[in-house]
Amino acid sequence: MYRVAILVASDSAYEGTREDKSGPILKEFMESKGFEVVSLQVCSDTKEMLEDVMKDICDNNKADLLLTSGGTGLSMRDCMPEATTTIAHRMVPGVGEAMRQYSMQFTKRAMFSRAIAATRYETLIINLPGSPKAVIECMEAIIDELAHGLGIMLGTERNCARK
């Protein structure tokens, strides 16, 4: 069972003026797929705060997978991809590409997503949109292959070829 940390970037949810819905729906989805959700945090859309929280999770081996929600759009406050890039050791471009491609069948607005994926030490970081509906759509695009990718990263799987 892989450990998952969820980090939501939302100024209004962080300030308590709006209820976060993407975090709880993402938690429920991941648990239904057999993942262990070890934390769910809400932060403001502040690059430094997001970097600090992500580094803490990755550097202290608190999770194998860090899923972020929000901060991937075109708003001037959206900075999740920049925060992720700053702390990343290696980029994993196929994940963002797969999510955007899959999401385009539901809305052409998916083309504006700047979501990325990367690794830091032994944690895979995946940026997701802030919309609860889009969070689930993006996870549906990658969930079937996610355990394999984590296994390769953590060294519990060796072969990428399908049998």
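The questions below ask how terms are applied to this predicted model.

Local features need pLDDT of at least 70 and side-chain atom pairs count only at pLDDT 80 or more, while totals for chains, interfaces and linings use all residues. Residues are numbered from 1 along each chain as its sequence is written, and side-chain values use heavy atoms, with hydrogens and water left out.

Q: What makes up the secondary structure of the protein, and in which pattern?
A: Helices are DSSP runs of H or I with at least four residues, and strands are runs of E with at least two, numbered from the N terminus. The protein has six helices and six strands, in the pattern β-α-α-β-α-β-α-β-α-β-β-α along the sequence.

Q: Why is the protein called as compact as a globular protein of its length?
A: The radius of gyration is taken over C-alpha atoms, and the globule rule is 2.2 Å times the number of residues to the power 0.38. For 163 residues the rule gives 15 Å, and the protein has a radius of gyration of 15 Å, close to that value, so it is as compact as a globular protein of that length. Along the principal axes, the C-alpha atoms fill a box of roughly 50 × 40 × 30 Å.

Q: Why is Leu128 called buried?
A: Buried means under 20% relative accessible area, exposed over 50%, and partly exposed in between (1.4 Å probe, protein chains only). Leu128 has 0% relative accessibility, so Leu128 counts as buried. Buried residues make up 47% of the 163 residues in the protein.

Q: Where does Leu128 lie, and which residues does Leu128 touch?
A: Leu128 is in strand S6 (residues 123-128). A contact means heavy atoms within 4.5 Å. Leaving aside residues up to four places away in sequence, Leu128 touches residues including Leu26, Leu67, Met99, Val135 and Met139. Across the protein, 75% of the contacts with a separation of 6 or more are between residues 24 or more positions apart.

Q: How do you know that Asp11 and Arg77 meet in a salt bridge?
A: A salt bridge is a side-chain nitrogen of Lys or Arg within 4 Å of a carboxyl oxygen of Asp or Glu. For Asp11 and Arg77 the N to O distance is 2.9 Å, and the side chains meet in a salt bridge. The pair links distant parts of the chain, 66 residues apart: Asp11 is in helix H1 (residues 11-15), and Arg77 is in the loop between strand S3 (65-69) and helix H4 (80-87). Asp11 counts as buried because its relative accessibility is 19%, and Arg77 counts as partly exposed because its relative accessible area is 42%.

Q: What makes Asp56 and Lys62 a salt bridge, and why are they called partly exposed?
A: The closest N and O atoms of Asp56 and Lys62 are 2.6 Å apart, and the two form a salt bridge. Asp56 has 31% relative accessibility, so Asp56 counts as partly exposed. Lys62 has a relative accessible area of 40%, so Lys62 is partly exposed.

Q: Why are Lys133 and Glu137 separated by about one helical turn?
A: The two are separated by about one helical turn because they are four residues apart in helix H6 (residues 132-154). Lys133 and Glu137 form a salt bridge, with their closest N and O atoms 2.4 Å apart. Lys133 has a relative accessible area of 56%, so Lys133 is exposed, whereas Glu137 has 9%, so Glu137 is buried.

Q: How many salt bridges are found in the whole structure?
A: A search of the whole structure finds eight.
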